Every structure is written in structure tokens, then in C-alpha cells.
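The sequence and model are shown first.

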Amino acid sequence: MTTPTDKSGSAERETTDLRAAAADFTWLLDRFATETAGVVDAIAVSSDGLLIAVSQLREQADSERLAAIVSGVTSLAAGASGNYGLGDLNKVIIDLEGGHVLVSSIGCGAVLGVVTTKEAKLGNIAYEMTLFANRAGAALTPQLVMELKKSAGSVG
């Protein structure tokens with residue numbers, strides 16, 4: 001027999017588990033950014049374009065601006081895919097004079113956005129992005145995305 005207390009305890013455990021999973025996801029993102037040579041910044045963005053995790057504490061406006069850029073790139077890639085029947089997003093690479101912006105799918109409709117130096121070895125970064133997607137993306141559920149949105153909204 002279930003009592004109201006049991007339901008409350010279960011909800012508290014679920015909330016605690018989601019908070020721990022969100023902290024783990026953010027830690028993995030920060031680890032990816034700090035341990036991958038050439039990475040200047042990395043963020044995760046939900047399918048609706050909202051910031052869900054940042055690799056380092058930055059000004060909230062800077063992180064949200066990068067999230068909007070990553071979301072826009074993702075939307076353009078989806079448009080190209082739809083128009084030409086090219087399938088789901090793998091990676092988008094923007095080659096700029098001073099560096100690169102890479103965008104990659106990580107699961108549950110979310111994407112990883114990475115800013116690199118010009119000297120960065122893109123093959124290594126793409127490989128590390130794939131490893132990150134395999135590790136973190138497997139745990140990315142709609143519930144975790146919601147929790148990440150809440151915690152990312154409180155940064156800055």
C-alpha cells in the first residue's frame with residue numbers, strides 16, 4: 001500500500017537523481033572543453049534552442065548568444081537536410097579566420113556547440129565530440145533536459 005509520504009519520498013529521490021545527473025552532464029561537458037586541445041568554449045543546447053549546459057561559468061548573455069548561434073546553425077542544417085533529403089545532423093563545421101565553430105547532435109534532440117582556435121585539430125575535436133555524445137547523450141532524457149534548463153537558467 002502506498003501512502004502520500006511514499007509518493008513524496010519517491011518524488012524527492014527522483015528530483016535528487018535528476019540534479020545529480022544534471023551535475024554529471026555539466027561536469028562531462030566541462031571536462032570535454034578543458035581536456036580537448038584547441039577548445040575555447042563548449043555548450044549544450046536543447047532542441048528548442050535553449051541553453052542547457054555551459055563548459056565554464058561565463059556571462060549569461062555570452063552563453064545565451066552562443067546558444068542562439070548554435071540553434072540557428074542547427075536550424076539551417078535541418079533546412080538543408082529537408083530540402084535535399086540528407087538525413088539527420090551529424091556535424092556542422094564553420095571555418096572562420098580566427099577559429100572554428102562546430103555543432104554536433106548529442107541525443108534527445110540536443111546539440112553540442114564548440115568554439116575552437118584556428119590551430120585546433122578538427123579531426124581530434126570531432127572524435128572527442130562523438131565520444132561526448134556517446135557518453136552524455138545516452139543519459140539525456142526529456143526529464144534531464146528540463147532539469148538542465150533549470151540549472152543553466154540559474155548560472156550567471
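What percentage of the 156 residues of the protein chain count as buried? The share is 35%, where buried means under 20% relative accessible area, exposed over 50% and partly exposed in between (1.4 Å probe, protein chains only).

## Basis

This is a predicted model, in which local features need pLDDT of at least 70, side-chain atom pairs count only at pLDDT 80 or more, and totals for chains, interfaces and linings use all residues. Residues are numbered from 1 along each chain as its sequence is written, and side-chain values use heavy atoms, with hydrogens and water left out.

## Fold

The protein chain has four helices and five strands, in the order α-β-β-α-β-β-β-α-α. Helices (H or I, at least four residues) and strands (E, at least two) are DSSP runs, numbered from the N terminus. Along the principal axes, the C-alpha atoms fill a box of roughly 65 × 35 × 30 Å.

## Salt bridges

The structure holds five salt bridges, each a side-chain nitrogen of Lys or Arg within 4 Å of a carboxyl oxygen of Asp or Glu. One of them joins Asp48 and Lys149 at 2.7 Å, N to O. Asp48 lies in the loop between strands S1 (39-45) and S2 (51-54), and Lys149 in helix H4 (residues 142-153), 101 residues apart. Asp48 is partly exposed, at 47% relative accessibility.

Asp62 and Arg65 pair at 3.0 Å, N to O; they are three residues apart in helix H2 (residues 60-84), about one helical turn. Lys118 and Asp95 also form a salt bridge (2.7 Å, N to O). Lys118 is partly exposed at 35%, whereas Asp95 is exposed at 53%.
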